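Trainee: Before we talk about this model, could we put the sequence and the structure side by side and go through them in turn?

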Amino acid sequence: MARAILAFIAGGLFGAGLLVSGMTDTTKVQGWLDVFGDWDPTLAFVLGGAIIPMAIAWNVAARRARPALGGSFPGKPGSEIDRNLVVGSVLFGMGWGLAGLCPGPAVASISWGGIGGLVFLAAMIAGMLLAPALRQRMETMAVALR
Amino acid sequence: MIETDWIWGLVGGLMIGSAAAMFLLFNGRIMGASGIVGGLVDRSGWGNWPERLAFVAGLIAVPALMLPLYAVPVSTNITENLAIVVAAGLLVGIGSRIANGCTSGHGVCGISRFSLRGIGATVFYLLAGGIGVILFRHLLGVI
């Protein structure tokens, strides 16, 4: 129960931060990506601001045996920039630029995003369901090409 | 010249990072939106569904409750072209799951621990997003 309560608070703070920072406004996101248009640097402040507390948290975690509510901390990150990471990030970035929404803000704005927001979420969920099969197909193709 | 939007961006960013810090230090979990949602969608994360569902509930409820605080109506300003919206949603869903992370997981949580994968993913999705906007806005004029 404690884990769920903490998760609710973390999710809530994440959502509040997304709203306050302007990241639920698709024009702010596209304004950041549009380096040849009327460039909007807000996203750099958001990402920079978010990295500071999280960098401190990783340092604290490194000196603790386990999380406050038990279980274990995530293992060391992989260092391999593999095909899935590159292809996936490129596809994700294209979609992000196209509509100006990524998964966090898309969920956070569900109550005021209107039909467009709901359609985006439905398509995103469909994409998430399609992803494992597409990843499998990519593997098969890569093996065939080898 | 510092603009108000930048200050709000920094404040909101600090809130986002604090949320990620809490989720790590209390629950031992990485706050990645696509992973938390994706695990519920494709059942891969049903082993700890209460935590995931509670996170999503907070993510939806708290900003919704904050809306009345704004004098001007808040809008996502998403395009009315639903074909674009569907294409973008599919790309975001497929891409974030194949890459195993999005802006929150690879961006916020990955870069802050100097993860090569997090930094690499961020470089690729920023480049693709930038090229996407140039292509679809300036060359094709569809967004």
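Mentor: A residue is called buried if 20 or more other C-beta atoms lie within 10 Å of its own, exposed if 12 or fewer, and partly exposed in between, with C-beta atoms placed from the backbone. This is a predicted model, in which local features need pLDDT of at least 70 and side-chain atom pairs count only at pLDDT 80 or more, while totals for chains, interfaces and linings use all residues. Residues are numbered from 1 along each chain as its sequence is written, and chains are lettered from A and ligands numbered from 1 in the order in which they are written.

Trainee: Is A:Gly88 buried or exposed?

Mentor: A:Gly88 sits in helix α4 of chain A, residues 83-99, where helices (H or I, at least four residues) and strands (E, at least two) are DSSP runs numbered from the N terminus. Two residues are in contact if their C-beta atoms, placed from the backbone, lie within 7 Å, and, residues up to four places away in sequence not counted, A:Gly88 touches B:Gly95, B:Ser96, B:Ile98 and B:Ala99. Because 29 other C-beta atoms lie within 10 Å of A:Gly88, this residue is buried.

Trainee: Is A:Ser72 buried or exposed?

Mentor: A:Ser72 lies in the loop between α3 (42-62) and α4 of chain A. Leaving aside neighbours within four places in sequence, A:Ser72 is in contact with A:Arg66 and B:Gly28. Since A:Ser72 has 9 C-beta neighbours inside 10 Å, it counts as exposed.

Trainee: How does B:Ile7 count, by its C-beta neighbours inside 10 Å?

Mentor: B:Ile7 belongs to helix α1 of chain B, and its C-alpha atom is separated by 24 Å from that of B:Ala61, 54 residues apart along the chain. With 13 C-beta neighbours inside 10 Å, B:Ile7 counts as partly exposed.

Trainee: Which helix gives the most to the side of chain B that touches chain A?

Mentor: In the pairing of the two chains, 99 residues of chain B are in contact with 105 residues of chain A. At least two residues of that side of chain B come from each of α1 (4-27), α2 (33-41), α3 (49-66), α4 (82-98), α5 (103-111) and α6 (116-139) of chain B. The helix that gives the most, with 22 residues, is α1(B).

Trainee: How far apart are the end C-alpha atoms of α3(B)?

Mentor: The buried residues of α3(B) include B:Phe55, B:Leu59 and B:Val62, and what covers the buried residues of this helix includes α1 (2-21) and α5 (103-108) of chain A together with α1 and α2 of chain B. The expected span of a helix is 1.5 Å times one less than its number of residues. The 18 residues of α3(B) should therefore span 26 Å, which agrees with the distance between its end C-alpha atoms, 26 Å.

Trainee: What share of the residues of chain B count as buried?

Mentor: Chain B has six helices and zero strands, and its C-alpha trace spans about 45 × 40 × 30 Å along its principal axes. Of its 143 residues, the share that count as buried is 56%.
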